[in-house]
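Hi,

Here's the structure I said I'd pass along.

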Amino acid sequence: MVLQSEELSIAVLAERGGKIISLFDRARAREWLVVADHDLSGPADGSKTYDEGDLCGWDEMLPTITACRLPGTDIELPDHGELWRGSWDLVAESSTSVTMCISSDLGYTFERTITLEGAALVVDYRALATGTRTLELLWAAHPFVALRPDTRLVVEGADEFIEVTASGERAPFEWPVDGLVVEEVIAPLSGRKLFARASEERVSVSFIDTDGATLAWSWSSSDAPWLGLWLDNASLSEHVVAAVEPTNAGDDSLEVASSADQSWVLAPHEERRWRLYVSVLSELAGKERQERTK
């Protein structure tokens, strides 16, 4: 499925977990997402972890990122959740919008509508509890953004950055006021996972290339009160990449989120809706924004 305007082209694969495989800035011929180096036809290989197979494009994570148990049960949740592994159903489509959904045996339906409005995407989400059990959920968008040399990441509306190690240890991380260039901070062949708590109603993350080309993400803190960031200097990926992850929790584990009262709790037949915005900015606007951060 392809959505296209004068400014943007978006490609989505329903059968591959609803993965957005391309976010292409047509004016600057700039592909913003990491492009797969392997065949994406059909569902992902369920025997592999996410890191072994699908480090590309933009996936949705639910009901967890780190493999753990569903709170209050003995049910083991898989690595990076369920959504990226399954085939989604097409609900509605037009030249500028597509709605897809997937249902889980855990007792929920997840629905996402992508609407292309010129140089911007409006992404609407809906999670509905369909079973008899009250559910706890952790959601995160999970796009791999392909970085060019010296691409700068600028965060607004979030602070108190924390680095979380693979062993679960947490330590303060000082985010530079003027933004961060991954290869200046992250050692080669290594990566870091960060979380930051929203400090304002509007949270935004901008990726600014040296030529001014800019990809901006924004959302309401009432929808997603946390920002997760995976910064990778050719550790898991072959190139320098970053994953910007709006989320409802300050950890990748649903169990940890539940213990911190950060999970979403849905009673039977209850739903939750939220929204995310993504846009490409003009070269001039990108340069002006970069100047303001200096």
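Which residues lie nearest the centre of the largest pocket, and how many residues line that pocket? Bear in mind that this is a predicted model. The lining is made up of 25 residues, and those nearest the centre are T66, A166, K193, W230 and D252. As for volume, the largest pocket comes out at about 540 Å³.

I also looked at where that lining comes from. At least two residues each are supplied by α1 (50-53), β13 (140-146), β15 (158-164) and β18 (190-198). The top contributor to the lining of the largest pocket is β18, which gives four residues. Split by class, the lining of this pocket has eight charged, eight polar and nine nonpolar residues.

Then there's the second largest pocket, with a volume of about 310 Å³. Its lining has 19 residues, and V34, V35, D37, L55 and E238 are the ones nearest the centre.

Which element gives the most to the lining of the second largest pocket? That's α1, with three residues. β22 (240-247) also supplies at least two residues there. By class, the lining of the second largest pocket has 10 nonpolar residues, five charged and four polar.

Cheers

Notes. Residues are numbered from 1 along each chain as its sequence is written. This is a predicted model: local features need pLDDT of at least 70, side-chain atom pairs count only at pLDDT 80 or more; totals for chains, interfaces and linings use all residues. Side-chain values use heavy atoms; hydrogens and water are left out. On a 1 Å grid over the protein atoms alone, a cavity is a set of points where a 1.4 Å probe fits but cannot get out, and a pocket is an open set with protein on both sides within 12 Å along at least five of seven lines; lining residues have an atom within 4 Å of a point. Grid points are joined across faces, edges and corners, and a volume is the space filled by probe spheres set on the points. Ala, Val, Leu, Ile, Met, Phe, Trp, Tyr, Cys and Pro count as nonpolar, Asp, Glu, Lys and Arg as charged, and the others, Gly among them, as polar.
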